[in-house]
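The stops below go from one selection to the next.

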Amino acid sequence: MINRRHLIRSIGGLSALGVSTAAYGVGVEPVLRLRVTRYHPMPRQWPVDFLLKIAVIADIHACDPWMSLDRIEAIVERTNALNADLIVLLGDYVAGHHHVTRIIPAGEWAAVLAGLKAPLGVHAVMGNHDYWDDKVVQRAGRGPTVAHRALEAAGIPVYENDVVRLAKDGRPFWLAGLGDQLAYAPSRRYGRAQRFGADDLTATLAKVADDAPVILLAHEPYIATRVPARIALQLSGHTHGGQVRLFGWSPAIPPQPGVPLVYGHLRLKCDVIISGGLGCSIMPVRVGVPPEIVEVTLGRAPAATVT
């Protein structure tokens, strides 16, 4: 998880490197740059001849001026142009900081995301900021959040510890969406919630009714060390790739014991891909981690037969 103290130190370090570097981190990389990062993992649990392309959008953090409706619309157009089989949204749609000129209401950004199109649909999970920003949910200790309701009103299904069985060319697979792992952290501080997260991995996987391969959507990547080999691929966001990355080091991410779950493709019991996301949290700054849409291609197309 991005740490406020570490991130502020990172910004101070950028200032020490020079005013132009700090200005780039605030005014250029988080606003003007956008890339598509492509992965082609080969999970052991996924049939080699089952070709599936997934477009991944994470951590939008909608707000003016950093993530305006016009910019979200451009992201939607760029994502649609990938011609993916399905599109997944990995949470944190609401602003993750207060350095904004306007908080964009959920109904407005959800209406723009409704423009996403893919043959197998658009599917979403919630992120921690979607929960933390919803004071009603925090007081009650349960959802659904404003963001959840806005996406479903826009025609995008949201999964919280639930699954859906999809198929391409007659070949089935499962898409599983995990509840957010940090959902009720603010409530717990005040004794208002009985649980820390909304996630239930065991109950989610119990809904998988056959041996078709499974793709898991989890906003935070940290569940990866507990994910069984039954899962082929886990897709996560949340970390923003560190948001500030200097010479391969992310000073805004506190040291993690064991496997560092910060960015990119890792292989544990299942393959894990962590997106660098699109928006900013805590402070509107990015350096060395440009906003990205992730494209994941599973399997290979059958070889052409020459006769």
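Select strand E7 (residues 162–168) together with E8: the two run antiparallel and are joined by seven bridges. Strands here pair if DSSP finds at least two bridges between them; helices (H or I, at least four residues) and strands (E, at least two) are DSSP runs numbered from the N terminus. This is a predicted model, in which local features need pLDDT of at least 70 and side-chain atom pairs count only at pLDDT 80 or more, while totals for chains, interfaces and linings use all residues. Residues are numbered from 1 along each chain as its sequence is written, and side-chain values use heavy atoms, with hydrogens and water left out.

Zoom in on the end of the hairpin. Lys-168 has Arg-171 in E8 as its bridge partner. Two residues lie between the strands, and Asp-169 in the turn has a positive phi of about 50 degrees.

Strand E8 (residues 171–177) is mostly covered, since five of its seven residues are buried (under 20% relative accessible area with a 1.4 Å probe, protein chains only; exposed is over 50%, partly exposed in between).

Now show the aromatic rings. Rings of Phe, Tyr and Trp (its six-membered ring) pair if their centres lie within 6.5 Å; planes under 30 degrees apart count as stacked, over 60 as edge-to-face and the rest as tilted. By this rule the count is five aromatic pairs. The Trp-46 and Phe-50 rings have centres 4.8 Å apart and planes at 20 degrees, so this pair is stacked. Both Trp-46 and Phe-50 are buried. For Tyr-131 and Tyr-184 the centres are 5.5 Å apart and the planes at 75 degrees, so the pair is edge-to-face. Tyr-131 sits in helix H6 and Tyr-184 in the loop between E8 and helix H9 (185–189), 53 residues apart. Ring pairs also link Trp-46, Phe-50 and Phe-173 into a cluster.
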